[in-house]
Amino acid sequence: MKTTVLKASKELAEDISGDLLSRRSATNKPVFKRTEIENGFEISGRRKDEERS
């Protein structure tokens with residue numbers, strides 16, 4: 001799962017990413033990860049029904 005926010009306030013984007021990155025699965029593993037890209041960052045994660053590879 002990947003979500004992109006275009007032209008958002010940097011402050012708002014940082015608040016949202018902080019909330020997403022603080023979420024943990026039942027086994028206490030991070031649900032989302034942050035990847036720095038050229039124009040900012042991406043937050044990616046898995047859906048509950050998505051098969052692991």
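Let me start with R23, which forms a salt bridge with D19, the closest N and O atoms being 3.3 Å apart; by salt bridge I mean a side-chain nitrogen of Lys or Arg within 4 Å of a carboxyl oxygen of Asp or Glu. Please keep in mind that this is a predicted model, in which local features need pLDDT of at least 70 and side-chain atom pairs count only at pLDDT 80 or more, while totals for chains, interfaces and linings use all residues. Residues are numbered from 1 along each chain as its sequence is written, and side-chain values use heavy atoms, with hydrogens and water left out.

As for accessibility, R23 counts as partly exposed because its relative accessible area is 44%, and D19 is likewise partly exposed, at 40%; the classes are buried for under 20%, exposed for over 50% and partly exposed in between, taken with a 1.4 Å probe on protein chains only.

Searching the whole structure gives three salt bridges. In another of them, the side chains of E14 and R34 meet at 3.1 Å, N to O, and this pair links distant parts of the chain, since E14 is in helix α1 and R34 is in strand β2, 20 residues apart. Helices (H or I, at least four residues) and strands (E, at least two) are DSSP runs, numbered from the N terminus.

What else does R34 do? It lies over the face of F41, at 3.8 Å from the ring centre, the rule being that NZ of Lys or CZ of Arg is within 6 Å of the ring centre and within 35 degrees of the ring normal.

Turning to the strands, β2 (residues 32–37) and β3 (residues 40–45) pair in the antiparallel sense over six bridges, where pairing requires that DSSP finds at least two bridges between two strands. The two strands form a hairpin with two residues between them, and R34 stands opposite I43 in β3.

Finally, S17 lies in helix α1, which covers residues 10–21, and S17 counts as buried because its relative accessible area is 3%. Leaving aside residues up to four places away in sequence, S17 touches R34, F41 and I43, contact meaning heavy atoms within 4.5 Å.
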